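Work through the exercises below with the structure in view. Try each task before reading its solution.

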Amino acid sequence: MIIDLGNVWEALSAIGTIAVVIVSLYLARRDYRKKLEVDYWTSYKIFSGEKISLWSIDLVNIGSVPVKIYEVGLYQKSWLRKRRKK
């Protein structure tokens, strides 16, 4: 009895080729965006009889790409309104 395995090897190579294409498409569409989670709050402390507001901001990188922060700034909406009125 002779078994012809020629078609089996061609089928396995076709399945392997399809698997490689699927994996490459998955890797190409993977998410490489920068993602930051921002949390902030204010609290008040009393130092030397004065009520001082403390601001705290937490930045957490939840993405897969490293993030560099070059500049930090603060603004308050009321400051912008005062400038518009003048």
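**Exercise 1.** Decide whether Y40 counts as buried or exposed.

*Solution.* Start with the cut-offs: buried means under 20% relative accessible area, exposed over 50%, and partly exposed in between (1.4 Å probe, protein chains only). Y40 has 62% relative accessibility, so Y40 counts as exposed. Strands (E, at least two residues) and helices (H or I, at least four) are DSSP runs, numbered from the N terminus.

This is a predicted model: local features need pLDDT of at least 70, side-chain atom pairs count only at pLDDT 80 or more, and totals for chains, interfaces and linings use all residues. Residues are numbered from 1 along each chain as its sequence is written, and side-chain values use heavy atoms, leaving out hydrogens and water.

**Exercise 2.** State which elements the chain has, and in what order.

*Solution.* Count them: two helices and two strands. Then read along the sequence: the pattern is α-β-β-α.

**Exercise 3.** Find which strand gives the largest share of the nonpolar patch.

*Solution.* List the members: L36, V38, Y40, I57, L59, I69 and V72 form this surface patch. Elements giving two or more residues are β1 (36-47) and β2 (50-61). The largest share, three residues, comes from β1.

**Exercise 4.** Work out what percentage of the chain counts as buried.

*Solution.* Take the 86 residues of the chain: 1% count as buried. Now turn to contacts (heavy atoms within 4.5 Å). Among those between residues at least 6 apart in sequence, 35% join residues at least 24 apart.

Note on methods
Patch = residues over 30% accessible without salt bridge, like charges linked within 9 Å, V, L, I, M, F, W, Y side chains within 5 Å. Areas by Shrake-Rupley, 256 points an atom, 1.4 Å probe, with all protein chains shown as cover. Salt bridge = Lys/Arg side-chain N within 4 Å of Asp/Glu carboxyl O.
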